[in-house]
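This report looks at a few surface features of one protein chain. Look through the sequence and the structure before reading on.

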Amino acid sequence: MATLLVFHEVDDVDHWAASPKRDEFFRPMGITARTFRDPGNSNRVGVIFEGVPDLETFQQGLQTDEAAETMRHDGVRPETIVTLVEA
């Protein structure tokens with residue numbers, strides 16, 4: 001299992017933080033998410049994902065139509081995603 005730290009920008013931080021879509025997408029895969037926001041009030045957010053089977057599976061999951069719809073709903077800007085793997 002892997003732990004990932006993911007940063008990205010969103011359109012509306014409050015909407016993103018309150019959305020259930022992230023958990024609805026990741027929880028069935030056994031992945032939990034802890035969310036963070038930039039205290040400087042930017043649109044930058046972060047997520048610690050735990051229980052990730054492996055990076056390849058995670059990245060493949062993000063390429064699905066369901067993931068795209070989840071990101072659209074949550075206002076995620078996909079081009080800003082940066083993923084770090086626990087060393």
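## Surface residues and a nonpolar patch

Pro 28 is exposed, with a relative accessible area of 68%. The model described here is a predicted one. Pro 28 sits in the loop between helix H2 (21-26) and strand S2. In sequence, Pro 28 and Ser 42 are 14 residues apart, while in space their C-alpha atoms are 30 Å apart.

Another loop residue is Asn 41, which lies between strand S2 (32-37) and strand S3 (44-52). Asn 41 is not a glycine, yet its phi is positive, at about 65°. Asn 41 is also exposed, and its relative accessible area is 70%.

Which residues make the nonpolar surface patch? Leu 5, Phe 7, Val 82 and Leu 84 make this patch, which has an area of about 290 Å². Strand S1 (2-10) and strand S4 (76-85) each supply at least two of the patch residues. One of the patch residues, Val 82, is found in strand S4. Val 82 is partly exposed, because its relative accessible area of 42% falls between the 20% limit for buried and the 50% limit for exposed.

The table lists the accessible areas given above.

| Residue | Exposure | Relative accessible area |
|---|---|---|
| Pro 28 | exposed | 68% |
| Asn 41 | exposed | 70% |

Note on methods. Residues numbered from 1 in each chain as written. Predicted model: local features only at pLDDT ≥ 70, side-chain atom pairs only at ≥ 80, totals over all residues. Heavy atoms only, no water. Helix = DSSP H or I, 4+ residues; strand = E, 2+ residues; numbered from the N terminus. Buried < 20%, exposed > 50% of the residue type's maximum accessible area, 1.4 Å probe, protein only. Patch = residues over 30% accessible without salt bridge, like charges linked within 9 Å, V, L, I, M, F, W, Y side chains within 5 Å. Areas by Shrake-Rupley, 256 points an atom, 1.4 Å probe, with all protein chains shown as cover. Salt bridge = Lys/Arg side-chain N within 4 Å of Asp/Glu carboxyl O.
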